[in-house]
Structure formats: structure tokens, C-alpha cells
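This report goes through one protein model, from a patch on its surface to the contacts inside it. Keep the structure in view while reading.

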Amino acid sequence: MDCNCPTMWTRHHVFVFILTFSGFAMFHASRKTFSNIKDDISKEWTPTNCNQSWPCPEPHETWGDHHFFSDYDDAEPFLGLLDTAFLFSYAMGLYFSGPLGDRFELRKVLSIGMWLSGCMIFLFGTLTQWIHFYNKALYITLWCLNGLFQGTGWPCVVAIMGNWFGKSERGLVFGIWSANAPVGNIFGSLIASALIDYGYEIVFLYASFSIFCGGIVMFFGAVSSPLDLGLEDPNKQPTVFVETQVNYGATDQRLQEEENSSENETNDKQTLVDQEKRQHAINFFKAILLPGVIAYSLAFAFLKMVNYGFFMWLPYYVTNEYGWPDTLADKISVWYDVGNILGGVVAGFISDRSGQRTPTLFAMLICGPFVIWGYSVSPNDVTVNSGLLFLVGFFIGGACNVIATAVTADIGKQEAVGKDTQALATVTGIIDGTGSVGAGIGQYLVAVIQRRFGWKSVFYFFMSAVVVTLVCLLPLLVQSFKSDGLFNKVRRKPRLLDNKKNED
């Protein structure tokens, strides 16, 4: 069992929290930037409307060489293809970067990923526009590479946070920390709206520059584990402390000798900590077979399908269903992010207090189909629509945050890992990678279902996906009640104390 004692926070804990929070927020800001300027990109890639009073610019070779779409509507499927390609390449990046993070230093893998992602964003959106070179194959290749390199972000930042914060506080801390994605979305929207008048290439330039500089700060400022600074590991076994107390009956001379011996060996042991961890990095296929990995991976695939469905289609749905302007639709969609943040914090806090993640998530997701149905029948009222959307974000997005952070950290640090102590990044990559595959498939299905059957069927599809998520989690729920893990943790310490009395 993990230690139930809260971690004694130092300035290093605060710095790691802020640094990893900001780092992944930069990743999400760059994604939101692309989402917000699709309209401007489409206009740039299609011919300008012209007539007798507004003649077409001449020469055509100069002004029309980048018009590789006949009209605005023809550009939309290509932008959708870029989204799908990004999500699938992002999933592949998650699968590969997890094992890399467990075998090499986390901050280095994360920093290199940020640098390469910044370069791909610059090439995709800025350099091609500056030199007026437009090619579909090039755009797809660059955006796929960007997704691949951005896949280094989540497994590494979650693993770093998991190394610094113990299980007893992980739910609440990770619930607050998981707000990095919504904060990044808001920041990306603000940057796009502020710079779009200067051209979409300037927006991409700022996004690439910020994420590249963030990689530099991460490389020189991040500390992958408290062991690197000689601090206590918050994930150590509690029996270590109890067993040392059994030696209180020893003589002072013996205790002094043990302390001196320990001090002489501390430096040598500390220098071997990282090497030992790298040597015992878990095998990818062994990580898949860890308890909870397959069940939570499948559950997260369906849940992230719903979460990303709201994230990517919500403004479009609000505008077309209710006839509200784009600016109002953007403001309403923020309430999903607000619910997302608060849901993650509340679920993390409750799961910390109860000592059980799965029952807490199961209770939240049971409410999921009902709130989705409620939003699907929302009247043409901004206040009611925003309130229902907040509830969807609270139950769906909040549960999604807990799985992506606290649950993956718990699984990667469980006792079943054994000597393969470096499993957290690999487990995170597997679970979130599978979720991204589900999200990519979901975006295609949403478009098909909406075009053929309408938005009501899309919401029924979302409700069905939540039900499948519950089915995937049901075996873990039953197992959590059978194992009675919370009471096992309470009973273990008195048992050790009784042994101590017998020895005395």
C-alpha cells in the first residue's frame, strides 16, 4: 500500500506543480489556436469573391497560387482530415513516449517534444505562409508530426507529478492540476483573437515560439523526481518507517553505528537511484497486463470520445441549432470547461477521502447519460443552456480528468509493478493513447451520424458511449468492494504494532 500520510510540501513541489501545469497548458493552447483560426485558414486557401465592382487581383499566378480549394466548403473536409490525422498521430506519440519517459529522464523527453512540436507548428502555419508554399501532403505530414511530438507531453508531466505527490493527496492535487487543459484552451483562444488581424501566420508564430521557449524552461528547471534532490519519496511503502521504529530497544551505541553507516552510504546510493530506475523500466506489454490498465484504457476510449465530441463540436452545434452568433456560442462553451475543472477537483477530493477512485467515478458517470439527455432537450435560453452544459462538463469532463491523472498515477505506482519501478509514463501513454484513438474515431462518427440522422442521434450516441464506459468499469467496481482496500489500509498498522509488542 502507498503511504497515507500527506506529502510535506517544499518550494520544489510548488515549482514542479506550476511548471508542469504551464507546460501542458502550452500544448493545449497551440491546439486551440488551430481550432479558432480554421475560418481564416479556409478563406486564405480559397479564391476571393470577385465581380465587376470588385475585380479579381492580378496577376493570378501571384494571388491565386495558394487557392488549392475551389470554394470555402471544399476546405472544411481537409481541415477535418487534419484534426483526425492529428488525433491518431497524437495517440501514437502517447504510446511511444511513455516507454521513452520511463527509460530516459522525463524532463529531457518532455523538453525535446516541446522543441520539435514548436518547430512543426512554425513550419506548418508560419513558414509556408511566408514563402507562399501550399501543399496538401506537406500540411498533413507536418501536422501529423506535430501530433506525434505533442504526445510526449501528457505521459511525462503526469509521471513527474506522480513522482512528487503521494496517493493520499493525489486526487485533490491532480484534480486542481488537471485544469491545465481548459486553461490552455482559454489562453489559446485569447491569443488567437488578439493576433488574428495580423494574419494567421503570426498566431502560429506566437504559438510555436511560446512552446519552444517553454521547452527550454522545462529542460533547465524541471526535476523529474524528489529523489534527484535527496528528498523523501512520497510513494514509498509505509512499512519502512514502522520497521525502523522496532529498533528503538537497541542500545545508543548500536543506533549511532547504524546512523554513521547510513550516512557513509547515502551519497553512493543516491547516485545509483536514477540508473536503477532506468534499468527496471517496465516492458510495454507487461504494462498492458497490469491490473486496471486494460479496463481503464477501454473505458477512457469511450469517455474521451464524448469529452472531445463536446470540445470540438459544441460551438458549431450551438450556432446551428439555436441560431446564436459565434461570439455567444464561444462564451457558452466556456461553461463546459468550468464544469470540467470543478468536477475534477470535487471527484479528486472525494476519492482521496474515501480512498477509492473507481466507486467515485462510477457514481459520477451514472449521472452522465441523464445530464447529456437534459442538454439535448435544452430550450432556446442562454442561462438554461449554460447551466446544463456546466453539469455535463462537471460529470463527464470531471471524470475524464480524474482518469487521465490520478487513476493513471495510481496504476503506475501500484505494488503489482514490482521491481519495474518506472511504469508511470508507460501506463499514462497506454491509457491516454487509447483514449485519443477513441476520440479520433468519435469525431468521424459524430460527423456521419449528424449528417444522416441529426443532432438528437448524436446525443444518443454520446449517452451510449457513457453506458459502455460504465460497463468497462463494472468489474473494477466489484473488485474494489470485494478487496475492501480502504479497511485493509486501516487495519495494517495495528497489526504491525502488535508484532512490535510481541518482540518487546
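## A nonpolar patch on the surface

In this predicted model, a nonpolar patch on the surface is formed by Leu172, Ile176, Val346, Phe349 and Ile350. Together these residues have about 390 Å² of accessible area. Two elements, α8 (167–177) and α15 (326–354), each give two or more residues to the patch. The largest share, three residues, comes from α15.

Val346 is placed in helix α15.

## The chain as a whole

The protein chain has 21 helices and zero strands. Of its 504 residues, 50% count as buried. The chain exposes about 23800 Å², and carbon and sulfur atoms supply 64% of that area.

Among contacts with a separation of 6 or more, 84% are accounted for by residues 24 or more positions apart.

## An enclosed helix

Helix α7 covers residues 153–164. At 1.5 Å a residue, its 12 residues should span 16 Å, and its end C-alpha atoms are 17 Å apart, which agrees.

How many of the 12 residues of α7 are buried? The count is 12 of the 12, so α7 is largely enclosed by the rest of the structure. The buried residues include Trp154, Pro155, Asn163 and Trp164.

Arg31 sits in helix α1 (residues 11–36). Is Arg31 buried or exposed? Its relative accessible area is 11%, so Arg31 is buried, the cut-off for buried being under 20%. Leaving out residues up to four places away in sequence, Arg31 touches Phe24, Phe86, Tyr90, Gln150 and Tyr308. Phe86 is 55 residues from Arg31 along the chain, and the C-alpha atoms of the two are separated by 9.7 Å. The side chain of Arg31 also makes polar contacts: one of 3.3 Å with the side chain of Tyr90, and one of 2.8 Å with the side chain of Gln150.

Ser178 is found in the loop between α8 and α9 (180–195). Ser178 is buried, with a relative accessible area of 2%. Apart from its neighbours within four places in sequence, Ser178 is in contact with Asn401 and Thr405.

## Salt bridges

Side chains of opposite charge can pair when their charged atoms come close. The structure holds five salt bridges. One of them joins Asp432 and Lys304, with the closest N and O atoms 3.0 Å apart. This pair links distant parts of the chain, as Asp432 is in helix α19 (residues 424–453) and Lys304 is in helix α14 (residues 293–322), 128 residues apart. Both Asp432 and Lys304 are buried.

Another salt bridge joins the side chains of Asp410 and Arg357, at 2.6 Å from N to O. Asp410 lies in helix α18 (residues 382–412) and Arg357 in the loop between α15 and α16 (358–366), so the pair ties together parts that are 53 residues apart in sequence. Asp410 is buried, with a relative accessible area of 10%; Arg357 is buried, with a relative accessible area of 10%. The side chains of Lys108 and Glu105 also meet in a salt bridge, at 3.9 Å from N to O. Lys108 counts as partly exposed, at 37% relative accessibility. A network of salt bridges links Glu105, Arg107 and Lys108.

Definitions and conventions: Residues are numbered from 1 along each chain as its sequence is written. This is a predicted model: local features need pLDDT of at least 70, side-chain atom pairs count only at pLDDT 80 or more; totals for chains, interfaces and linings use all residues. Side-chain values use heavy atoms; hydrogens and water are left out. Patches are made of residues with over 30% relative accessible area and no salt bridge: like charges are joined within 9 Å, nonpolar side chains (Val, Leu, Ile, Met, Phe, Trp, Tyr) within 5 Å. Accessible areas come from the Shrake-Rupley method with a 1.4 Å probe; for residues, only the protein chains shown count as cover. A salt bridge is a side-chain nitrogen of Lys or Arg within 4 Å of a carboxyl oxygen of Asp or Glu. Helices (H or I, at least four residues) and strands (E, at least two) are DSSP runs, numbered from the N terminus. Buried means under 20% relative accessible area, exposed over 50%, partly exposed in between (1.4 Å probe, protein chains only). Contact means heavy atoms within 4.5 Å. A polar contact is a pair of N or O atoms within 3.5 Å; within protein, one must be able to donate a hydrogen and the other to accept it, and residues adjacent in sequence count only if both atoms are side-chain atoms. The expected span of a helix is 1.5 Å times one less than its number of residues.
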